[in-house]
Amino acid sequence: ACSEAVESPPAPVTESGWVSLFDGETLDGWRAFKGDSPPVGWAVEDGALTLAEPGNGDIMTAASFSEFELEFEWRISENGNSGVIYLVNESDASDHTYQTGPEYQVLDNDGHPDGEIPSHRAGALYDLVTPPADFTRPVGEYNQGRIVVADGRIEHWLNGEKVAESPFGDDEWRAMVAASKFSSMPEFGVYSSGHIALQDHADKVWYRNIRIRER
């Protein structure tokens, strides 16, 4: 986890190449999808970037990234649902972050109905790749998430376990998308660079220690 107190933007790069995306105190470096400032309802609570009042939309990094490792900690409310969506583009054809960006699912597996759908469980590459097992900690505790996008591959990690792996951008990827709920979204998963968004799925959620290292 990243413990440095940093100012953003711009965030200093550590010797290891990690950059903090959230300073633990402000929403600097974050804004709404197709907006200039953070959406109402997102706040800093006990050092975490928190969806305190759901219903006003996703919050998104001002910066874009292409190949990267992203690490973060997440805590979901009881029966809650959220997600980390990446490679998000604000195209004319998209009204929501999920119409362009793949999602790392954040979920109360036991309490939310999506937990009954294998490819919708926590850590999944949402609706595309199913985790092999449930590695979540009890609701109310923080989980460690990691997303790697590099060399035409996507990896999702949850509490130190690889829970999803997929090709990205090739014919196999396009076939996977065509067989999913995203088949009706022509710009889903086609961009090699984009923003990182935290999802407002109408449930309270907390994120902290969010950092990125570009590849």
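## Close-up views of a predicted model

**View 1. F182 and F188 are both buried (under 20% relative accessible area, with exposed over 50% and partly exposed in between; 1.4 Å probe, protein chains only).** This is a predicted model, in which local features need pLDDT of at least 70, side-chain atom pairs count only at pLDDT 80 or more, and totals for chains, interfaces and linings use all residues. Residues are numbered from 1 along each chain as its sequence is written, and side-chain values use heavy atoms, with hydrogens and water left out. F182 and F188 belong to one aromatic cluster together with Y126, F168 and W173.

**View 2. F72 and Y104 form an edge-to-face aromatic pair, one of the aromatic pairs in the structure.** A search of the whole structure finds seven such pairs. Rings of Phe, Tyr and Trp (its six-membered ring) pair if their centres lie within 6.5 Å; planes under 30 degrees apart count as stacked, over 60 as edge-to-face and the rest as tilted. For F72 and Y104 the centres are 5.2 Å apart and the planes are at 80 degrees. F72 lies in strand β6 (residues 68–76) and Y104 in strand β8 (residues 103–107), so the pair ties together parts 32 residues apart in sequence. Helices (H or I, at least four residues) and strands (E, at least two) are DSSP runs, numbered from the N terminus. F72 is buried at 4% relative accessible area, and Y104 is buried at 0%. The rings of F182 and F188 are stacked, because their centres are 3.9 Å apart and their planes are at 5 degrees.

**View 3. Two arginines sit over aromatic rings.** R75 lies over the face of W206, 3.8 Å from the ring centre. The charged end of R208 sits over the ring of Y142, at 3.6 Å from its centre. A charge sits over a ring if NZ of Lys or CZ of Arg is within 6 Å of the ring centre and within 35 degrees of the ring normal.

**View 4. L70 and I210 touch the most other members of the largest nonpolar core, which has 44 residues.** Strand β6 supplies the largest share of this core, five residues. A nonpolar core is a set of buried Ala, Val, Leu, Ile, Met, Phe, Trp, Tyr and Cys residues joined through side-chain atoms within 4.5 Å. A second, separate core of five residues includes F33, M60, I85 and V88.

**View 5. H156 is in strand β10 (residues 153–158).** H156 counts as buried, at 0% relative accessibility. Its side chain makes a polar contact of 2.7 Å with that of Y86. A polar contact is a pair of N or O atoms within 3.5 Å; within protein, one must be able to donate a hydrogen and the other to accept it, and residues adjacent in sequence count only if both atoms are side-chain atoms.

**View 6. Y191 lies in the loop between α1 (171–178) and β12 (195–198).** Y191 is partly exposed, at 24% relative accessibility. The side chains of Y191 and E187 are joined by a polar contact of 2.9 Å. Beyond four places in sequence, Y191 is in contact (heavy atoms within 4.5 Å) with L87, N89, S91, T100 and F168.

**View 7. Q99 lies in the loop between β7 (81–88) and β8.** Q99 counts as buried, at 19% relative accessibility. A polar atom of the Q99 side chain lies 2.5 Å from the backbone nitrogen of D95, and one lies 3.0 Å from the backbone nitrogen of H96.
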